[in-house]
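Dear colleague,

Please find below the structure I am handing over to you. My notes on what was found in it follow directly after.

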Amino acid sequence: MGISYHSYIGATVDQLPQLPCSTSGHLSLSTPVGSCVDKFGRVWLADTAHNRVLVFDSKMDQILASFGTVGAGPEQFNMPFRLVAHPDKNWIYVTDIGNFRVHILSYSESLEIKTVKIFGNEPEVALRGPNGIVVHNGKLCVADEFYEGQHSESRLVIFSEDGQFERTIEEIVPENGGDTVHLLWPQGLSLDKDGHIYISNTGFSTVVRCDWQGRGVPFSATGKCYIDGLALSRGVTVIQNRVLIPGGKANAISVYDLNGQFMGSLDGFFAPVQITEFNDPQTMLITEPFLASLQKHTVNLATLKGGKSRSTKVLKAIGDERDNPGQLHFVTSVVGDVTQTQSGYSSNAPLLEHWIEHQLTLQDQLLKVMQPPGLPSWLSIALSAQTEWVQRWQQTMVRVFLNDKFDDPEDLLWMMDSGNYQLQATEDGKSDSARPISLPMLPGSLGIAALTPNKPLPGQLDYSVPLLVVSNYLSGIVTILQYNDTLGELVPYTVFGGLGTGDEQLNQPQGIAIDPTNNDILIADSGNNRICRWRLSDTGGPFLVHTFGRLGAEHGEFHTPSDITVDEQGQCFVTDQNNNRIEVFDSHGKWLRSFGKEGYGTASESFLLPTSIDHENGYLFVSDLVNRAIKVFNCSGEFLESFSGFGADRDKGQLWLPYLLHVKNNKVYLPDCALNRVNVYQFNI
């Protein structure tokens, strides 16, 4: 018995022409995280999932240099994450999180980049997840995100500026007394003008302030050395005498003064991570990893008061759309299976397709010219989404006229390409084989399951092709799609749900499963902390059967259930994500048992945010997010086998942010929304 990596699906578009070259049309980023500005005003960016560091001119019009390849050598990375520039020397520090180390890179005015030193992976230090990094007065502080202390706490590690290990900080002791503050999954770091360290303490959704000895420095507004009440803290940056916290509010950047008083929020973002102060007044760089872009914004933070919200102005955004043939963007779920016997997708008129793509590119350029440079970020994003929506529709119509479609739609692997607002499919599972197969989907489409009715439903166009059930995280709507053979596309059949807390409403639905005993649709209603069971009537109309579960940690209660699977006996297995366990129910929603416990571990029943679950032939497969592991159990909850690997090396099947897995014919399909690919694993009994 064993599980091993097999292959991946999702074209990689990372080749650059001879440098320097224009950023426009040449730059397909993959989940970029860190950024900084060097002594010559040039912008450095960690193109994280492409395992390289890019350098741009100060206007971000030109790509000047690319440094690094995937690997563990002296000029190689496995997920370069955060960057910081030395204040005096021509050095850039890069946290290489997948290789558990830190690089010091030197650079010249002519951009000759060399490795000065690599450190942090020595046995006496053994970084487990170097993330945020700051430098001050000859000292370097690194947030070790996945370090496991005695009580599973994380830590900060202090080095000299040239990488000599000095000490660790494993708890923050408030200087005015009070309870000790522990760290859990710290990510971004920042400094104020006094050299105090600000820590994005992601696991506790707080931002902590301390000195270089680990003494907590209280905020006068609260008397505590941390800011709480945050939705999340993906990072932290101190600029313009303000503390900026990406993710402090959903789709926003929370802003506090240095006393810890909430001033308001900057809206119009998706999931911002890194904020970097730029050389121009009131200007900052912001990475949007899941939008695959680096953006330059301007805003006067002094005008943000009274807890109000406002938008920034987008001055520049770089990163081409991830919509090349075969490319995926924020892929979240899959269903179906692939074989090696299919003939594949065929295009009847490639020259005409090329002409159409050229026309769409010209249209896109025209629309961008029409948008003023000071356009508010929320409006810019809305217009971009609307433009992309129109283009998707046009491309679909082109394929209809050209009669381009899959030869055998009954046997496909379907993939939810959420960032491109569409479903893609493949017949042969090759890395570049994904092709669009749906009309434009609503933003927020997430989970997917295949439903084969026991008999044809009224209005069903092709009974031989399963219906696809799709959850939408943002709207709470579930759409059932059917295959239209004339179009060669999936089109809506019916919808149900809607955002809310009522019996027939959903809030942030994620995973979906079909009960094999009766074809019921079960949905992980995450925001309502429950499971909903729906059924299609003989006339094709959806209706709610029942719900079960509520918020809590007792038997039969949930804290953000994220996925569900049902075995041949009708038993329901649920990933109770924030309770770090799997809960088991009968077909009536009665709790039977639970298994799993909180903790680190890749070869055990320990879970840290188990995200997804599926089953086949009496085996359960669980995606354990923080442990970056696929764990195999029997249906009694006994651990059997696992595969694990944290990083962005596509040849090793490594994982960063795996989402909703799918198992079929002893193959495990695990989409990674940060690596923009679907990893395929083989399970051998």
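I448 stands opposite V470 of strand β37. The strand names, like those of helices, are DSSP runs numbered from the N terminus (helices being H or I of at least four residues, strands E of at least two). Before going further, please note that this is a predicted model, in which local features need pLDDT of at least 70 and side-chain atom pairs count only at pLDDT 80 or more, while totals for chains, interfaces and linings use all residues. Residues are numbered from 1 along each chain as its sequence is written, and side-chain values use heavy atoms, with hydrogens and water left out.

Strand β37 covers residues 467-472 and is joined to β36 by five bridges, the two running antiparallel. Two strands are taken to pair if DSSP finds at least two bridges between them. In general, the strands of a sheet pair through backbone hydrogen bonds, in either a parallel or an antiparallel manner. Here the sheet is open and has four strands in the order β36-β37-β38-β39, with antiparallel pairing. Its edges are β36 (445-451) and β39 (489-497), each of which pairs on one side only. From one strand to the next, the twist averages 25°; the axes behind such angles are lines fitted to C-alpha atoms (for helices, over the stretch in contact), and angles run from 0 to 180 degrees between N-to-C directions.

**Strand β32**

Strand β32 (residues 331-336) is mostly covered, with six of its six residues buried. Buried means under 20% relative accessible area, exposed means over 50%, and partly exposed lies in between (1.4 Å probe, protein chains only). Five bridges connect β32 with strand β33 (residues 413-417), and the two run antiparallel. The bridge partner of G336 in β33 is L413.

**Salt bridges**

How many salt bridges does a search of the whole structure find? The search finds 22, a salt bridge being a side-chain nitrogen of Lys or Arg within 4 Å of a carboxyl oxygen of Asp or Glu.

One of them joins the side chains of D520 and R533 at 3.0 Å, N to O. This pair links distant parts of the chain: D520 is in the loop between β40 (509-514) and β41 (521-525), and R533 is in strand β42 (residues 530-536), 13 residues apart. D520 counts as buried because its relative accessibility is 0%, and R533 is likewise buried, with a relative accessible area of 2%.

D520 also meets the side chain of R535 in a salt bridge (2.6 Å, N to O). R535 lies in strand β42 and D520 in the loop between β40 and β41, so this pair ties together parts that are 15 residues apart in sequence. R535 is partly exposed, at a relative accessible area of 30%. Salt bridges with shared partners join D515, D520, R533 and R535 into one network.

Another salt bridge brings together the side chains of K193 and D194 (3.8 Å, N to O). Is this pair buried or exposed? K193 counts as exposed because its relative accessibility is 68%, and D194 counts as exposed at 51%.

**Nonpolar cores**

A nonpolar core is a set of buried Ala, Val, Leu, Ile, Met, Phe, Trp, Tyr and Cys residues joined through side-chain atoms within 4.5 Å. The largest has 26 residues, of which M79, F146, W185, V626 and W656 touch the most other members. Not counting residues up to four places away in sequence, F146 touches I97, R128, G129, W185, Y600, V626, R628 and F646, where contact means heavy atoms within 4.5 Å. A second, separate core of 18 residues includes L457, L506, I514 and L536.

**Two buried residues**

T95 is placed in strand β10 (residues 91-96) and counts as buried, at 0% relative accessibility. A polar atom of the T95 side chain lies 2.9 Å from the backbone oxygen of N131. Beyond its neighbours within four places in sequence, the contacts of T95 include M79, F81, R101, N131 and V142.

L140 lies in strand β14 (residues 139-144) and is also counted as buried, at 0% relative accessibility. Leaving aside neighbours within four places in sequence, L140 is in contact with residues including Y93, F119, V157, F159 and W212. L140 and W185 are 45 residues apart in sequence and 19 Å apart in space, C-alpha to C-alpha.

With kind regards

Conventions
A polar contact is a pair of N or O atoms within 3.5 Å; within protein, one must be able to donate a hydrogen and the other to accept it, and residues adjacent in sequence count only if both atoms are side-chain atoms.
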